[in-house]
Amino acid sequence: MTDTLVRFEGVRKTYGTGGAAAVVGLDLDIARGELMTLLGPSGSGKTTTLMMLAGFEMPSAGRILLEGRDIAHTAPHRRGIGVVFQSYALFPHMTVAENVGFPLSVRGVGRADRDARVAKALAMVRLDGYADRRPLQLSGGQQQRVALARALVFEPPIVLLDEPLGALDKALREEMQLEIRHIHQRLGVTMMYVTHDQAEALTLSDRIAVFEGGRIRQVADPKRLYDRPADAFVAGFVGENNLLPGMIEARDGEDCTVRLRCGPVVEAQAVDCGGVGQSCLVAIRPERIAVAGVTASDLGEGALPATLQEAIFLGDYVRLRLSVGDGGDILVKRPAGIGALPEPGGPAAIAWPEGAAFAFSDAV
Ligand code: ADP
Ligand code: MG
């Protein structure tokens with residue numbers, strides 16, 4: 001039995017009157033100790049969802065339960081939730097220790113206890129020795145660690161993080177992603193993390209809720225989200241995918257045959273597509289496609305003739321762009337340095353393992 005810490009029940013949010021809903025009808029459970037990421041493009045309702053849980057926005061309809069209690073009438077500071085934003089929102093005139101100790105001062109924690117807990121929180125984010133600095137004397141990554149320490153210092157049951165690494169450069173962002181993950185594992189604190197970056201979501205999360213247009217498209221662990229996307233939006237947003245338009249020619253339960261708009265006929269697993277005669281999108285991950293500089297008949301049954309248009313060397317892997325049939329465009333990724341590439345413009349063929357192609361409805 002999972003121990004549910006937070007539950008969104010039919011939550012809807014409309015800003016102002018007559019505007020479009022920012023969050024449409026949200027049902028989501030977050031288990032105690034879980035790191036749940038809300039992933040979606042800009043404007044999909046992620047921040048609005050966090051703000052309603054933190055108490056800075058009121059839902060227009062529905063309920064939010066924290067430890068089983070409806071928190072509609074609980075003021076933000078009484079919800080006991082830690083929050084970290086992209087803009088660090090540190091107090092510039094206070095030292096690091098005073099910033100981190102602030103939530104404790106507000107809660108009336110005495111001096112000695114406060115100092116001990118601040119020291120512990122700073123050690124947790126590897127900032128021991130920085131207690132007397134001011135925020136402007138720290139790097140961006142260090143400032144964000146201070147913000148994290150401030151959110152953790154009063155040992156809240158849940159910490160909300162809204163794009164906390166958005167202002168950092170790539171290398172530092174990746175280092176901090178692992179650090180947040182390790183802090184989460186060490187403390188067992190529940191975290192709700194917002195990002196628009198799918199790689200960040202895959203790195204960090206126990207589970208990911210994919211948002212689009214104020215709705216959740218799918219909730220799943222990273223591996224399942226990547227391997228078994230529920231619809232074409234998730235297939236295209238999480239990782240890279242070839243999404244090829246086509247028409248269903250035959251369907252037998254989970255299996256279907258699709259005539260691609262560019263010509264070839266392929267087998268696919270039917271995920272949420274309709275029946276014969278319906279249009280659909282066939283998704284095939286670029287790393288699952290094999291390429292050879294031979295004719296399709298040499299590569300075996302089911303292989304498609306293709307022409308290499310472009311090869312881009314990216315150090316550890318190569319991106320190949322091939323044309324297939326009449327106007328079909330296929331991306332292939334493969335590790336660099338293994339096997340020869342086909343000649344640009346020369347004969348080539350592509351193939352993928354059985355089960356690697358999925359058919360989705362194109363009405364998303
Ligand atoms: P995300 O965090 O996924 O980028 P938001 O929750 O910030 O998305 O926004 C969802 C939608 O609500 C967007 O269309 C946005 O323009 C709108 N919105 C967000 N905040 C406000 C606000 N304070 N007033 C009016 N509209 C808002
Ligand atoms: Mg946002």
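Colleague: Is Arg 7 buried, partly exposed or exposed?

Modeller: This is a predicted model, in which local features need pLDDT of at least 70, side-chain atom pairs count only at pLDDT 80 or more, and totals for chains, interfaces and linings use all residues. Residues are numbered from 1 along each chain as its sequence is written, and side-chain values use heavy atoms, with hydrogens and water left out. Buried means under 20% relative accessible area, exposed over 50%, and partly exposed in between (1.4 Å probe, protein chains only). Arg 7 has 31% relative accessibility, so Arg 7 counts as partly exposed.

Colleague: With which residue does Asp 29 form a salt bridge?

Modeller: A salt bridge is a side-chain nitrogen of Lys or Arg within 4 Å of a carboxyl oxygen of Asp or Glu. For Asp 29, the closest N and O atoms of the pair are 2.6 Å apart, and the partner is Arg 7.

Colleague: Why are Asp 115 and Arg 111 separated by about one helical turn?

Modeller: The two side chains meet in a salt bridge at 3.4 Å, N to O. Asp 115 and Arg 111 are separated by about one helical turn because they are four residues apart in helix H3 (residues 111–124).

Colleague: Which side chain of opposite charge is nearest to Asp 162?

Modeller: Lys and Arg count as positive and Asp and Glu as negative, while His and the chain ends are not counted. Asp 162 is buried yet has no salt bridge, although its side chain makes a polar contact (N or O atoms within 3.5 Å, one able to donate a hydrogen and the other to accept it; residues adjacent in sequence count only if both atoms are side-chain atoms) with the side chain of Thr 47 at 2.7 Å. The nearest side chain of opposite charge is 6.9 Å away and belongs to Lys 46.

Technical notes. Chains are lettered from A and ligands numbered from 1 in the order in which they are written. Helices (H or I, at least four residues) and strands (E, at least two) are DSSP runs, numbered from the N terminus.
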